[in-house]
Amino acid sequence: MDKRVAFLLLVLVAVVVVFETGQQLYYLRKFKLAEDATFFFLLQRQAYRWLVWAVLGVPLFFFIGRLRRGNFPLNLRMVKGLVGILILVAMAVCCIAMISLLTSGSAANFSTFVND
């Protein structure tokens with residue numbers, strides 16, 4: 001990938017994260033859900049989530065590329081692809097929930113992990 005394209009993608013992701021954070025702050029204040037929420041606190045939480053999705057999304061590209069080159073029947077390829085995607089999504093959700101639990105400052109227990 002060209003360095004310029006990579007830089008533009010990083011800038012685009014940063015703009016999207018900042019926009020999402022501002023949108024989240026707007027709705028939290030508009031509906032009086034969390035008056036004490038700050039932009040930088042929400043930005044930090046959004047950045048953690050995007051980082052987890054980005055890290056776990058990289059193997060997905062390699063996984064899909066391998067499946068595409070494989071000599072499997074189409075149905076088996078689709079099943080393997082779906083299972084791989086589901087595993088990566090489950091890992092991302094668990095990582096995000098654990099990061100939220102660790103950064104929230106509340107006592108850690110299993111019910112909090114499941115409910116987040």
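What follows is a working chat about a predicted model of one chain.

Trainee: What's the fold made of, helices or strands?
Mentor: Helices. The chain has four helices and zero strands. Remember that this is a predicted model.

Trainee: And which pattern along the sequence?
Mentor: Reading along the sequence gives α-α-α-α.

Trainee: How many residues, and what share is buried?
Mentor: The chain has 116 residues, and 20% of them count as buried.

Trainee: What about the surface? How much of it is carbon and sulfur?
Mentor: The accessible surface comes to about 9000 Å². Carbon and sulfur atoms own 72% of that.

Trainee: What share of contacts comes from residues 24 or more positions apart?
Mentor: They make up 44% of the contacts with a separation of 6 or more.

Trainee: Let's go helix by helix. How far does α1 reach?
Mentor: Helix α1 covers residues 3–30, which is 28 residues. From first C-alpha to last, α1 reaches 40 Å. That is close to the 40 Å expected at 1.5 Å a residue.

Trainee: Which α1 residues are buried?
Mentor: Val17, Thr21, Leu25 and Leu28 are buried in α1.

Trainee: Why would residues three or four places apart point the same way?
Mentor: Because an α-helix has 3.6 residues a turn.

Trainee: What comes after α1?
Mentor: Lys32 follows α1, and its phi is positive, near 50°. Lys32 has that positive phi although it is not a glycine.

Trainee: Where does Lys32 lie, and is it buried or exposed?
Mentor: Lys32 lies in the loop between α1 and α2. Lys32 is exposed, with a relative accessible area of 63%.

Trainee: On to α2. Where is Gln46, and is it buried or exposed?
Mentor: Gln46 lies in helix α2, residues 39–69. Gln46 counts as buried, at 7% relative accessibility.

Trainee: What is Gln46 in contact with, leaving aside its neighbours within four places?
Mentor: Gln46 is in contact with Val17, Glu20, Thr21 and Gln24. Val17 and Thr21 are among the buried residues of α1.

Trainee: Switching to aromatics. How many pairs are there?
Mentor: The whole structure has three aromatic pairs. In one of them, the ring centres of Tyr26 and Tyr27 are 5.0 Å apart and the planes are at 75°, so the pair is edge-to-face.

Trainee: What does Tyr27 do with Phe31?
Mentor: Tyr27 and Phe31 form a stacked pair. Their centres are 6.1 Å apart, with 5° between the planes.

Trainee: Which residues end up in the cluster?
Mentor: Tyr26, Tyr27 and Phe31 are linked into a cluster by ring pairs. Phe31 is exposed, with a relative accessible area of 51%.

Trainee: What lies over the face of Phe31?
Mentor: Lys30 does, at 5.9 Å from the ring centre.

Trainee: Now α3. Where does it run, and what about Ser100?
Mentor: Helix α3 spans residues 74–104, and Ser100 sits in it. Ser100 counts as buried, at 10% relative accessibility.

Trainee: How far is Ser100 from Tyr48?
Mentor: They are 52 residues apart in sequence. In space they are 8.8 Å apart, C-alpha to C-alpha.

Trainee: And Arg77, which helix is that in?
Mentor: Arg77 is in helix α3. Arg77 is partly exposed, at 25% relative accessibility.

Trainee: How far apart are the C-alpha atoms of Arg77 and Arg66?
Mentor: They are separated by 9.9 Å. Along the chain, the two residues are 11 residues apart.

Trainee: Last topic, cysteines. How many disulfides?
Mentor: The count comes to zero disulfides.

Key:
Residues are numbered from 1 along each chain as its sequence is written. This is a predicted model: local features need pLDDT of at least 70, side-chain atom pairs count only at pLDDT 80 or more; totals for chains, interfaces and linings use all residues. Side-chain values use heavy atoms; hydrogens and water are left out. Helices (H or I, at least four residues) and strands (E, at least two) are DSSP runs, numbered from the N terminus. Buried means under 20% relative accessible area, exposed over 50%, partly exposed in between (1.4 Å probe, protein chains only). Contact means heavy atoms within 4.5 Å. Accessible areas come from the Shrake-Rupley method with a 1.4 Å probe; for residues, only the protein chains shown count as cover. Rings of Phe, Tyr and Trp (its six-membered ring) pair if their centres lie within 6.5 Å; planes under 30 degrees apart count as stacked, over 60 as edge-to-face and the rest as tilted. A charge sits over a ring if NZ of Lys or CZ of Arg is within 6 Å of the ring centre and within 35 degrees of the ring normal. The expected span of a helix is 1.5 Å times one less than its number of residues. A disulfide is a pair of cysteine sulfur atoms within 2.5 Å.
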